[in-house]
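Here is a short walk through one structure. Keep the sequence and the 3D view at hand as you read.

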Amino acid sequence: SSLFSSVEMAPRDPILGLNEQFAADTNPDKVNLGVGVYFDENGKLPLLACVQAAEKALMDAHKPRGYLPIDGIAAYDNGVKALVFGTDSDVIKQGRVATVQALGGTGGLKIGADFLKKLNPNAKVLISDPSWENHRALFTQAGFEVGTYRYYDAATRSLNFDGMLADLKAAAPGTVVVLHACCHNPTGYDITPAQWAQVIDAVKAGKLTAFLDMAYQGFAEGIAEDGAVVGEFVAAGLAVFVSTSFSKSFSLYGERVGALSVVCSSKEEADKVLSQLKIMIRTNYSNPPTHGGAVVAMVLGDPKLRAQWEEELAGMRTRIKAMRRALAEGLKAAGVKQDMGFITTQVGMFSYSGLSKDQMVRLRNEFGVYGTDTGRMCVAALNEKNVGYVCASIAKVI
Ligand code: PMP
């Protein structure tokens, strides 16, 4: 027998599998609402104008391509800090935040997970039920036992906040709680500021460790508005982990631009934590790649490009909201009797439609409308041209 004869075939990634099926579908009206990617009004993946301008400047500079520092480009890390904690934040002034450039939001989560495992090997991890598919896999791979806290209630098609709070209050001290900072994936339901305050109290009282996953900053209400929740954890005196992803907000999916920030209680502590995060990076991939980080650092640091980015991000946010309204109104017009108004109260790129697996399969097979079996649809892939067809198709399976 060969070295690999006992290796089993791993299950296919459900979303990537859906993409393959979509690519092979010959239906001319097909619409892909499966993958979490923002498409513009023409159904195209945008290349932001601020990114093009930064890339042009970088190309013209013809810089040599040496290694980056292990923790990435300093201007990038500082830009992330300002975005996540606010420009005038005390924790930054006091040097209490350790930030490293990471390979996307996923990379930030993994560096944080590996560091947490070393710090507290017996801790458990809690993720929301449901959560982004990769949360469970990633923290399991890092050696953690992963459980869930209640979040979405399918029966009432709304949040089960009492259940969430009860589960957090029942968690053992040291438990790592993964929280979606905004634009919850997959449901699209966020908790309110008043509910966040209760979550923060529970985290503090229960001596839990909060890990905020910030993959969609700027997609709910705005950059500062969406980031405000981080400030609330900091104000409560908590040591919090924050992963950042620029995949969506810069439309730089393939460049793998993200970060991990860890808030500590002193500069001395932050320096030590940073030294440990650097070991995690050094022993995995040594140091991050240059291009995406250089682009983002330049855009964040240049007032003109920065203003342009904020405008383009606002454009994406506004278009998604318009598509949510078009979807809700279109379903009504197509004769759907049940109230679909929740689509417009949800935020971010996704909508939990409340459709069953059977309905989602019918949408796919009979109409070429692709969402996940859980009923998740990416509203950021809707546009004026396809939303009518999507509404008519949904109306036929409901
Ligand atoms: N967290 C959540 C909640 C996400 O939705 C995503 C992206 N789908 C990520 C993290 C990972 O982002 P990235 O592609 O930057 O690794």
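Does helix 5 pass helix 6 in a left-handed or a right-handed crossing? The model to look at is a predicted one. In it, the crossing of helix 5 with helix 6 is right-handed. Helix 6 covers residues 133-141. The two helices pack at an angle of about 35°. Their axes lie 10 Å apart.

Now look at the residues that make this contact. Helix 5 brings Thr106, Leu109, Lys110 and Ala113. Helix 6 brings Asn134, Leu138 and Phe139. By class, the contact has four nonpolar residues, two polar ones and one charged one.

Stay with helix 5 and turn to the ligand. Helix 5 spans residues 104-119. This helix gives the most to the shell around the ligand, with three residues. The residues around the ligand include Gly104, Gly105 and Thr106. Thr106 also takes part in the contact with helix 6. Nine residues of the shell are polar, two are nonpolar and one is charged.

Next, move to Ala74. This residue sits in helix 3, which runs over residues 74-85. Why does Ala74 count as partly exposed? Because Ala74 has 13 C-beta neighbours inside 10 Å, and a residue is exposed at 12 or fewer and buried at 20 or more. Ala74 can also be placed against Thr99, 25 residues apart from it along the chain. The C-alpha atoms of Ala74 and Thr99 are separated by 9.4 Å.

Definitions and conventions:
Residues are numbered from 1 along each chain as its sequence is written. This is a predicted model: local features need pLDDT of at least 70, side-chain atom pairs count only at pLDDT 80 or more; totals for chains, interfaces and linings use all residues. A residue is near a molecule or strand if its C-beta atom, placed from the backbone, lies within 6 Å of it. Helices (H or I, at least four residues) and strands (E, at least two) are DSSP runs, numbered from the N terminus. Ala, Val, Leu, Ile, Met, Phe, Trp, Tyr, Cys and Pro count as nonpolar, Asp, Glu, Lys and Arg as charged, and the others, Gly among them, as polar. Axes are lines fitted to C-alpha atoms, for helices over the stretch in contact, and angles run from 0 to 180 degrees between N-to-C directions. A crossing is left-handed if the near helix is turned anticlockwise from the far one by less than a right angle, and right-handed if clockwise. Two residues are in contact if their C-beta atoms, placed from the backbone, lie within 7 Å.
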